[in-house]
Amino acid sequence: MAEHAPRRCCLGWDFSTQQVKVVAVDAELNVFYEESVHFDRDLPEFGTQSGVHVHKDGLTVTSPVLMWVQALDIILEKMKASGFDFSQVLALSGAGQQHGSIYWKVGAQQALTSLSPDLLLHQQLQDCFSISDCPVWMDSSTTAQCRQLEAAVGGAQALSCLTGSHAYERFTGNQIAKIYQENPEAYSHTERISLVSSFAASLFLGSYSPIDYSDGSGMNLLQIQDKVWSQACLGACAPHLEEKLGPPVPSCSVVGAISSYYIKRYGFPSGCKVVAFTGDNPASLAGMRLEEGDIAVSLGTSDTLFLWLQKPMPALEGHIFCNPVDSQHYMALLCFKNGSLMREKIRDESASRSWSDFSKALQSTEMGNGGNLGFYFDVMEITPEIIGRHRFNTENRKVAAFPGDVEVRALIEGQFMAKRIHAEGLGYRVKRLKDVFWAKEKIIPDGKSELQEGM
Ligand code: 5FX
């Protein structure tokens, strides 16, 4: 009986690189329901690997926009089939992989506002996008656009002071510039550009949701001090961009009430509020309640380090974003692209495709790895910009291979050493780790303290 008692709740959505996930959280912050759709496994017709398509040039990385829409359909239908009581949902919000961009075709707003509850979302939105394959954060094909943007505003440091980061290939302004330059027709047929976060919020709102300050800081377009789009940056990227982006809002804003589509099809209450969605990293900072001086490490598809800051220190490496909790404050972020996919590769190559063997290899080797060091970047790294596998033995000589267990420790120690070095290079003083959360892998089940000492 108690099991079926109504339980007021909020929904938290995550539109990440590899899956869409939802959790329901009750008034005591207990997560009592979870559901997810894994793109490669559950939507094989889109042919993604780890949720993306890596193009022939090895630099362009995209995801099909309709895959995301269909994933949302599948989750909502699964929730309905499981008897989930949508009438108890007071509010919803969520996170999205950062930097990815969605191009809504002229007329899409009209389609969004008139969704029929008799059809699935993807059946009604299939003609709503001027670009079907969206650039995502793993894309590194916009070096030319990055240099153009930096030149337009007086150099890399000037851009960093203005927007919190020098020009990065994955940052949305540079991606938009590439689309405008290579596909001006599609650009001119675009009435709105969303980030993955504001796109997801738009699906629930049934109209365009604004971009929030925090995720907006990952575009090389937002003046992070004034919280307005930079006219110089907009002008350097593409024409009429301000109207296609819409005004940004604080990350905690209620952006509206849920669309009648969800009320009629799933039984959401009409007062259900939609709170602005933000980027996955800002959302993690908010969820982990960091304090000044703390540094958090997230081991995900990309590994990230982030911390809460009162005074921004824009530099030539790393990023400063508007803080998602307090828009007068900031957060710093370092992103390492060769994160869990690299660990999975070394697991497959050197630990019989098993996390348990990977952990055994790690435990069988000494901290310091007998002086062997390795740095592994199978895809072009972001921090620093480097590619390839680089192994050095005790004599500091470059070697082509390590025995399996040495390889495993070299990978983990190299990854954590790089995090510390780059964080300290930006002036951070690492005191303690607030937490380490494992994405879907377990590196060493009881090895957290060992990693902390190792840092
Ligand atoms: C941050 O700048 C990143 O590019 C990544 O952490 C993505 O947000 C992953 F979703």
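Going through the shell by name, you'll find Thr17, Gln97, Gln98, His99, Trp137, Arg170, Asp280, Asn281, Ser302, Thr304, Leu333 and Cys335. Two pieces of secondary structure, the helix α14 (280–288) and the strand β18 (330–336), each put at least two residues into that shell.

Histidine 99 has a side-chain N or O atom sitting 2.6 Å from an oxygen atom of the ligand. Arginine 170 does something along those lines, with a side-chain N or O atom 2.8 Å from a ligand oxygen. Then there's serine 302, where a polar side-chain atom is 2.9 Å from an oxygen atom of the ligand. As for how covered the ligand ends up, it would expose 290 Å² taken alone, and the protein buries 97% of that.

The loop between α14 and β15 (295–299) holds arginine 289, whose phi is positive, near 50°, even though the residue isn't a glycine. A second one turns up in the loop between β19 (373–377) and β20 (388–392), where proline 384 has its place. The peptide bond joining threonine 383 to proline 384 is cis, with omega at about -10°. Why flag these two spots? Because most residues other than glycine have a negative phi, and most peptide bonds are trans.

Stepping back to the whole chain, the protein has 18 helices and 22 strands. Its C-alpha atoms fill a box of roughly 70 × 65 × 45 Å along the principal axes. The radius of gyration is 22 Å, which agrees with the value near 23 Å that a compact globule of 455 residues would have.

The stretch to watch is residues 436–455, where pLDDT stays under 50. The model does give that stretch 46 contacts beyond four places in sequence, but where pLDDT is low, the predicted coordinates should not be read in detail.

Notes: Residues are numbered from 1 along each chain as its sequence is written. This is a predicted model: local features need pLDDT of at least 70, side-chain atom pairs count only at pLDDT 80 or more; totals for chains, interfaces and linings use all residues. Side-chain values use heavy atoms; hydrogens and water are left out. pLDDT is the predictor's confidence in each residue, from 0 to 100. Contact means heavy atoms within 4.5 Å. A residue is near a molecule or strand if one of its heavy atoms lies within 4 Å of it. A polar contact is a pair of N or O atoms within 3.5 Å; within protein, one must be able to donate a hydrogen and the other to accept it, and residues adjacent in sequence count only if both atoms are side-chain atoms. Accessible areas come from the Shrake-Rupley method with a 1.4 Å probe; for residues, only the protein chains shown count as cover. Helices (H or I, at least four residues) and strands (E, at least two) are DSSP runs, numbered from the N terminus. The radius of gyration is taken over C-alpha atoms; the globule rule is 2.2 Å times the number of residues to the power 0.38.
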